[in-house]
Amino acid sequence: MVSIMTGLRLYVTPASPWVRRVVVSILELEIRDRFEFVQTRWPHSWATRSVAHHSDFTAATPVERIPALVAGDLHLVDSHAICDYLNGELGGFRLLARDGPARWRALADISIANAILEAHIARRAELLRIDGERSADFIDKMRERTLRCYRALDRRAVDFAPAFDLAQITIAVACGYHDWRYASDDWRNAVPQLADWFDRVAQRPSMRATQPAETPQA
Ligand SMILES: N[C@@H](CCC(=O)N[C@@H](CS)C(=O)NCC(=O)O)C(=O)O
């Protein structure tokens with residue numbers, strides 16, 4: 001087991017929804033003071049090319065994506081593993097049930113929300129391609145996937161647990177990224193229950209403190 005006294009270093013950017021789900025989880029668990037956040041920089045060419053990073057980031061994660069967490073000699077290099085660690089090691093399973101039906105219900109929603117985040121980022125990477133390389137069909141496919149996923153979550157929104165758990169955090173981060181990057185999609189009209197729920201949880205201090213912003217490029 002990794003000691004919770006070990007310094008915890010989290011590599012971040014303000015634009016990444018994957019980072020945001022981790023940081024919102026940290027704020028909800030009220031364990032911010034245990035972490036050092038390290039900003040990373042990404043030129044827009046990240047979408048198609050390797051980026052020259054500081055050696056400490058490369059040492060932290062061979063994947064060279066954010067978020068990445070260094071906890072002593074333990075390196076966790078995606079948000080799923082990091083959220084698991086926060087929940088189990090530092091959070092007393094307050095964000096996701098340890099086992100049983102509540103766990104599987106939450107994971108069902110989390111898997112849909114994660115697919116939305118994947119589609120958001122794949123679309124962003126496609127939009128950053130140079131003219132002539134960009135595929136309008138692929139961008140449409142990603143948009144259509146997100147809207148299908150929202151409709152599934154809209155049917156679930158009335159049954160969301162009272163607690164702002166990892167499932168709700170991930171869904172809220174997906175909605176927030178959509179508003180920020182793709183506002184002209186008007187996803188809210190298609191899913192009014194989900195939109196109402198999002199407008200409420202977006203006022204939580206953890207969400208207000210983590211509004212997305214452009215990543216430093218250099
Ligand atoms: N499944 C990963 C996805 C992480 C991810 O795609 N992060 C993006 C930023 S939103 C990234 O670092 N992209 C840089 C790259 O792909 O080179 C997770 O859950 O952390």
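User: How many bridges join strand β1 to strand β3, and do the two run parallel or antiparallel?

Analyst: Please note that this is a predicted model. Strand β1 (residues 8-12) and strand β3 (residues 68-71) are joined by four bridges, and they run antiparallel. Within this pair, L10 stands opposite L69 of β3.

User: What is the order of the strands in the sheet?

Analyst: The order is β2-β1-β3-β4, in an open sheet of four strands with mixed pairing. At the edges lie β2 (35-39) and β4 (74-76), each of which pairs on one side only. On average, neighbouring strands of this sheet are turned by 20 degrees against each other, direction ignored.

User: How are two packed helices described?

Analyst: One gives the angle between their axes and the distance between the axes. Here, helix α1 (residues 17-29) packs with helix α6 (residues 166-181) at an angle of about 135 degrees, and their axes are 9 Å apart. Because of that angle, α1 is oblique to α6. The two helices make a right-handed crossing.

User: Which residues make the contact between α1 and α6?

Analyst: From α1, the contact involves P17, R20, R21, V24, S25 and E28. From α6, L166, I169, T170, V173, A174 and Y177 take part.

User: How do the residues of this contact divide into nonpolar, polar and charged?

Analyst: In the contact of α1 with α6, seven residues are nonpolar, two are polar and three are charged.

How values were computed:
Residues are numbered from 1 along each chain as its sequence is written. This is a predicted model: local features need pLDDT of at least 70, side-chain atom pairs count only at pLDDT 80 or more; totals for chains, interfaces and linings use all residues. Axes are lines fitted to C-alpha atoms, for helices over the stretch in contact, and angles run from 0 to 180 degrees between N-to-C directions. Angles under 35 degrees count as roughly parallel, over 145 as roughly antiparallel, 65 to 115 as roughly perpendicular and the rest as oblique. A crossing is left-handed if the near helix is turned anticlockwise from the far one by less than a right angle, and right-handed if clockwise. Two residues are in contact if their C-beta atoms, placed from the backbone, lie within 7 Å. Ala, Val, Leu, Ile, Met, Phe, Trp, Tyr, Cys and Pro count as nonpolar, Asp, Glu, Lys and Arg as charged, and the others, Gly among them, as polar. Two strands pair if DSSP finds at least two bridges between them.
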